[in-house]
Amino acid sequence: MYNRSAIIYDAIYRAQGKDYAAEARKVCALIQQHKRSNGKSLLDAACGTGNHLAYLRNEFDVEGLDNSEEMLSVARKKFPDIHFHFADMVDFEIERSFDIITCLFSAIGYVQTYPWLVQAVKSIERHLYAGGVAIVEPWFGPGDLDIGKVNVTFVDEPEMKIARMNINRVKENVSYLDCHYMVATPKEILNFTETHALGLFTHDEYTQAFKTAGLEVVHDEEGLDGRGLYIGKKAVS
């Protein structure tokens, strides 16, 4: 998925002004409000290059999980003291449990289908301690994504210039982001494309997925960046 763009991922979101520190503070506040287990172990599922973990590690014992070796390679170089797992959030198996499992920046959309959404939430529930909490940031729902709109991000850093352009299309409740990149460094200029496919799930589908997995679910309408959050709470006993 991020085979070629992983090494420029951080530069793109720096240019967009994504505030990982502020988002981590909101996540910490929600954890304090909803978690009932006694520990502070945290797994970030679909962690990408680990940018949320850079701040969550100040409060928790963190680990990361992603199914992109390229993204994990970047994360491991930035955070050599954090343990990262190569696994898919749909069916991951780790021989331990956690007090908190997060899945942020709408990465849950990459499951694409409702059965896989349910399976992903079940995998999260299975790795939570009693009293633990899951925090999932959704992707857009059906009808919420601008179709045909041209989006562009420009990166202007001393040793790198990037233009990323994309348009969005939808087919059978899956959104496709067709991204075109031009990347210039002192060594070369590269052009490449990527297509990201993310499922468009309704509020009821997210809620039912948590309930099917046996989690009490709370919906935070605003969330970290206007997309909302789903907070799943595992029973204490």
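Q: Helices here are DSSP runs of H or I with at least four residues, strands are DSSP runs of E with at least two, and both are numbered from the N terminus. Where does Ser106 lie?

A: Ser106 sits in a loop, with strand E4 on one side and helix H5 (114-126) on the other. This is a predicted model, in which local features need pLDDT of at least 70, side-chain atom pairs count only at pLDDT 80 or more, and totals for chains, interfaces and linings use all residues. Residues are numbered from 1 along each chain as its sequence is written, and side-chain values use heavy atoms, with hydrogens and water left out.

Q: Is the phi of Ser106 positive or negative?

A: Positive, at about 60°, although Ser106 is not a glycine. Most residues other than glycine have a negative phi.

Q: And is Ser106 buried or exposed?

A: Ser106 has a relative accessible area of 1%, so it is buried. Buried means under 20% relative accessible area, exposed means over 50%, and partly exposed is in between, with a 1.4 Å probe and protein chains only.

Q: What about Asn173, where is that?

A: Asn173 is in the loop that joins strand E7 (160-171) and E8. Its phi is near 60°, again a positive value in a residue other than glycine. Asn173 has 43% relative accessibility, so it counts as partly exposed.

Q: Is Cys47 buried or exposed?

A: Cys47 is buried, at a relative accessible area of 9%. Cys103 also counts as buried, at 0% relative accessibility.

Q: OK, the sheet. What is the strand order?

A: E3-E2-E1-E4-E5-E11-E10, in an open sheet of seven strands with mixed pairing. Two strands pair if DSSP finds at least two bridges between them.

Q: Which strands stand at the edges?

A: Strand E3 (83-86) and strand E10 (216-220) do; each has a single partner strand, so one side of each has no neighbour in the sheet. From one strand to the next, the twist averages 20°.

Q: In which sense do E1 and E2 pair, parallel or antiparallel?

A: Parallel, over five bridges, with E1 covering residues 41-45 and E2 covering residues 61-66. Asp44 stands opposite Gly64 in E2.

Q: Which strands does helix H2 lie across?

A: H2 (residues 20-34) lies across E1, strand E4 (98-103), strand E5 (128-136), E10 and strand E11 (229-233). It runs at about 145° to E5. Contact here means heavy atoms within 4.5 Å. Axes are lines fitted to C-alpha atoms, for helices over the stretch in contact, and angles run from 0 to 180 degrees between N-to-C directions.

Q: What span should the 15 residues of H2 have?

A: They should span 21 Å at 1.5 Å a residue, and the end C-alpha atoms are 21 Å apart, which agrees. The expected span is 1.5 Å times one less than the number of residues. Buried residues in H2 include Val27, Cys28, Leu30 and Ile31.

Q: What does helix H4 lie across?

A: H4 (residues 69-78) lies across E2 and E3, at about 175° to E3.

Q: New topic. How many aromatic pairs does the search find?

A: Seven. Rings of Phe, Tyr and Trp (its six-membered ring) pair if their centres lie within 6.5 Å; planes under 30 degrees apart count as stacked, over 60 as edge-to-face and the rest as tilted. One of the pairs is Tyr181 with Phe192, stacked at 4.7 Å centre to centre with 15° between the planes.

Q: Where do Tyr181 and Phe192 lie?

A: Tyr181 is in strand E8 (residues 174-184) and Phe192 in strand E9 (residues 189-199), so the pair ties together parts 11 residues apart in sequence. Both Tyr181 and Phe192 are buried. The rings of Tyr206 and Tyr230 have centres 4.9 Å apart and planes at 20°, so that pair is stacked. It links distant parts of the chain, with Tyr206 in helix H6 (residues 203-212) and Tyr230 in strand E11, 24 residues apart.

Q: How do E8 and E9 run, parallel or antiparallel?

A: Antiparallel, joined by 11 bridges. They form a hairpin with four residues between them, and Ala184 stands opposite Ile189 in E9.
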